[in-house]
Amino acid sequence: MGPDGINSRLLRDCADQLCQSPKTSRPKEPNHFRPVALTSHLMKALERIVLRHLRPLVSPNMDPLQFAYQPGIGVDDAVIYLLQRSLSHLKDAGNTVRITFFDFSSALCTIQPSLLRVKLERAGASDQLAAWVTNYLTNRPQDKYQFT
């Protein structure tokens with residue numbers, strides 16, 4: 001074991017999951033600060049394990065037009081969908097298109113864990129899994145970091 005008390009065999013067995021580089025984005029403003037939750041590599045690996053159990057439970061209840069947090073779907077898919085719908089509507093003379101964009105990039109920070117727990121239980125999550133997710137999201141420490 002290392003100084004952190006984590007067995008090296010565990011780290012070796014989970015090396016593929018732990019070594020995936022996270023995607024980062026750069027804000028347009030050079031001095032942009034936003035709160036971020038500090039999550040260790042081991043907890044990120046555990047999040048992926050929990051997600052494997054949660055995804056089949058919540059997928060039937062998800063909006064088919066949700067493009068975020070879906071495997072194999074991204075921003076490009078949302079833009080293509082939006083353009084296709086807009087262009088097909090504009091083919092008819094006199095039609096217009098109005099589009100409103102919402103930025104939910106910090107939506108995770110606004111989740112009320114107790115309400116999420118109720119929704120997870122309604123979706124069929126076990127009491128233990130719902131309790132773990134609630135506990136994990138409650139009182140998460142956040143620091144402000146500069147992204148440049």
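Helices here are DSSP runs of H or I with at least four residues, numbered from the N terminus. The model you have open is predicted, so local features need pLDDT of at least 70 and side-chain atom pairs count only at pLDDT 80 or more, while totals for chains, interfaces and linings use all residues. Residues are numbered from 1 along each chain as its sequence is written, and side-chain values use heavy atoms, with hydrogens and water left out.

Start with helix α6 (residues 127–137) and select Trp132 and Tyr136, which sit four residues apart, about one turn of the helix. Rings of Phe, Tyr and Trp (its six-membered ring) pair if their centres lie within 6.5 Å; planes under 30 degrees apart count as stacked, over 60 as edge-to-face and the rest as tilted. By this rule there are two aromatic pairs.

Next, select Phe67 and Tyr81: this pair is tilted, with 5.9 Å centre to centre and 45° between the planes. Phe67 lies in the loop between α3 (41–58) and α4, and Tyr81 in helix α4, 14 residues apart, so the pair links distant parts of the chain. Tyr136 is buried at 16%, whereas Trp132 is partly exposed at 29%. Phe67 is partly exposed at 21%, as is Tyr81 at 29%.

Finally, select Phe101, in the loop between α4 (75–90) and α5 (113–123). Phe101 is exposed, with 66% relative accessibility.

Note on methods. Helices (H or I, at least four residues) and strands (E, at least two) are DSSP runs, numbered from the N terminus. Buried means under 20% relative accessible area, exposed over 50%, partly exposed in between (1.4 Å probe, protein chains only).
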